[in-house]
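Work through the following exercises with the sequence and the coordinates open. Each task is followed by a solution in steps.

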Amino acid sequence: MSSLFDDSYHSHNGALSESEYVYIDAGFNALSPQFEQVSILELGFGSGMNAMLTLQQALADGEVTKPIRFVTVEAYPVPHEVIAELNYKQYLNAEVAALFDKLHQAPWDQDVEIVPGFMLHKVHGKLENYTAVPASINLVYYDGFAPSKQPELWRQDNFDRLYPMMMPEGLLVSYCANGQFKRNLKAAGFEVKPYPGALGRREMTRAWKR
């Protein structure tokens, strides 16, 4: 639970299962095979769960077979004592569990190779101050706190800025299915399609740059 935003870092109803469904199954695994490498931008490093699950999926065949660059933007890093209390390592395979601390100990604002082929870059700052080379990102994990808790993250201008950073056929995924969020994505140019939500949620959001 974030004391600053009075919201949980992940759903109480199966945090790992929800993140696997939204960001791995409906995001990472659904990315077009045309891409020779994967460039991910995540909004909200938080507990590090999405980075861990992405790394675990990438290592499913024993090694990273397609280069991955994972950039995550976090304005309010989670205290180490909170991370320890979450105890996610017990739910991960042994290889990724051993890398959990390396993800969290990686210094901010610089590239860190977690394993060969998986580059992590944690940005300590806000999305509105982040820029990337145009058409350089092919997957976005939009995992901020809910619009009612952190409304500035869901403003139109954020999606207007994200759209040109993404490659054609790039995909944005989010647990959120808020109507205004989807309208903002469409206004920025994204093609938004409804998709069943995880763990009892009616919907989640997937949006493509066509």
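Two strands count as paired if DSSP finds at least two bridges between them. The model used here is a predicted one.

**Exercise 1. The edge hairpin**

Task: In which sense do β3 and β4 pair, and over how many bridges?

Solution. 
- Step 1. Strand β4 covers residues 118-124, and its pairing with β3 is antiparallel, over 4 bridges.
- Step 2. Glu113 has Met119 in β4 as its bridge partner, and Asp111 stands opposite His121 in β4.
- Step 3. The hairpin of β3 and β4 has 2 residues between the strands, and Gly117 takes a positive phi near 95 degrees there.

**Exercise 2. The whole sheet**

Task: In what order do the 8 strands lie in the sheet? Then name the edges.

Solution. 
- Step 1. The order is β3-β4-β2-β1-β5-β6-β8-β7, in an open sheet with mixed pairing.
- Step 2. The edge strands, each of which pairs on one side only, are β3 (111-115) and β7 (191-196).
- Step 3. On average, neighbouring strands of the sheet are turned by 20 degrees against each other, direction ignored.
- Step 4. Pro196 has Glu203 in β8 as its bridge partner.
- Step 5. The hairpin of β7 and β8 has 6 residues between the strands, and in this hairpin Leu199 takes a positive phi near 50 degrees.

**Exercise 3. Helices across the sheet**

Task: Which strands does helix α1 lie across, and which does helix α5 lie across?

Solution. 
- Step 1. Helix α1 (residues 15-25) lies across β5 (137-142), β6 (166-174), β7 and β8 (203-208). Its angle to β6 is about 170 degrees.
- Step 2. Helix α5 (residues 156-165) lies across β1 (38-43), β5 and β6, and runs at about 135 degrees to β6.

**Exercise 4. Two contacts of helix α2**

Task: Describe how α2 packs with α4 and how α1 crosses α2.

Solution. 
- Step 1. Helix α2 (residues 49-58) packs with helix α4 (residues 94-105) at an angle of about 140 degrees, their axes being 10 Å apart.
- Step 2. The crossing of α2 and α4 is right-handed. Ala51, Met52, Leu55 and Gln56 in α2 meet Val96, Leu99, Phe100 and Leu103 in α4. By class, the residues of this contact are 7 nonpolar, 1 polar and no charged.
- Step 3. For α1 and α2, the axes come within 10 Å and cross at roughly 65 degrees. This makes α1 roughly perpendicular to α2.
- Step 4. α1 passes α2 in a right-handed crossing. From α1, Ala15, Leu16, Ser19, Glu20, Tyr23 and Ile24 meet Met49, Asn50, Leu53, Thr54, Gln56 and Gln57 of α2. This contact has 6 nonpolar, 5 polar and 1 charged residues.

**Exercise 5. An aromatic pair**

Task: What is the geometry of the pair formed by Tyr142 and Phe181?

Solution. 
- Step 1. Rings pair if their centres lie within 6.5 Å, and planes under 30 degrees apart count as stacked. The count for the model is 12 aromatic pairs.
- Step 2. Tyr142 and Phe181 lie 6.0 Å centre to centre with 25 degrees between the planes, a stacked pair.
- Step 3. Tyr142 is in strand β5 and Phe181 in helix α6 (residues 179-188), so the pair ties together parts 39 residues apart in sequence.

Methods
Residues are numbered from 1 along each chain as its sequence is written. This is a predicted model: local features need pLDDT of at least 70, side-chain atom pairs count only at pLDDT 80 or more; totals for chains, interfaces and linings use all residues. Side-chain values use heavy atoms; hydrogens and water are left out. Axes are lines fitted to C-alpha atoms, for helices over the stretch in contact, and angles run from 0 to 180 degrees between N-to-C directions. Contact means heavy atoms within 4.5 Å. A crossing is left-handed if the near helix is turned anticlockwise from the far one by less than a right angle, and right-handed if clockwise. Ala, Val, Leu, Ile, Met, Phe, Trp, Tyr, Cys and Pro count as nonpolar, Asp, Glu, Lys and Arg as charged, and the others, Gly among them, as polar. Rings of Phe, Tyr and Trp (its six-membered ring) pair if their centres lie within 6.5 Å; planes under 30 degrees apart count as stacked, over 60 as edge-to-face and the rest as tilted. Angles under 35 degrees count as roughly parallel, over 145 as roughly antiparallel, 65 to 115 as roughly perpendicular and the rest as oblique.
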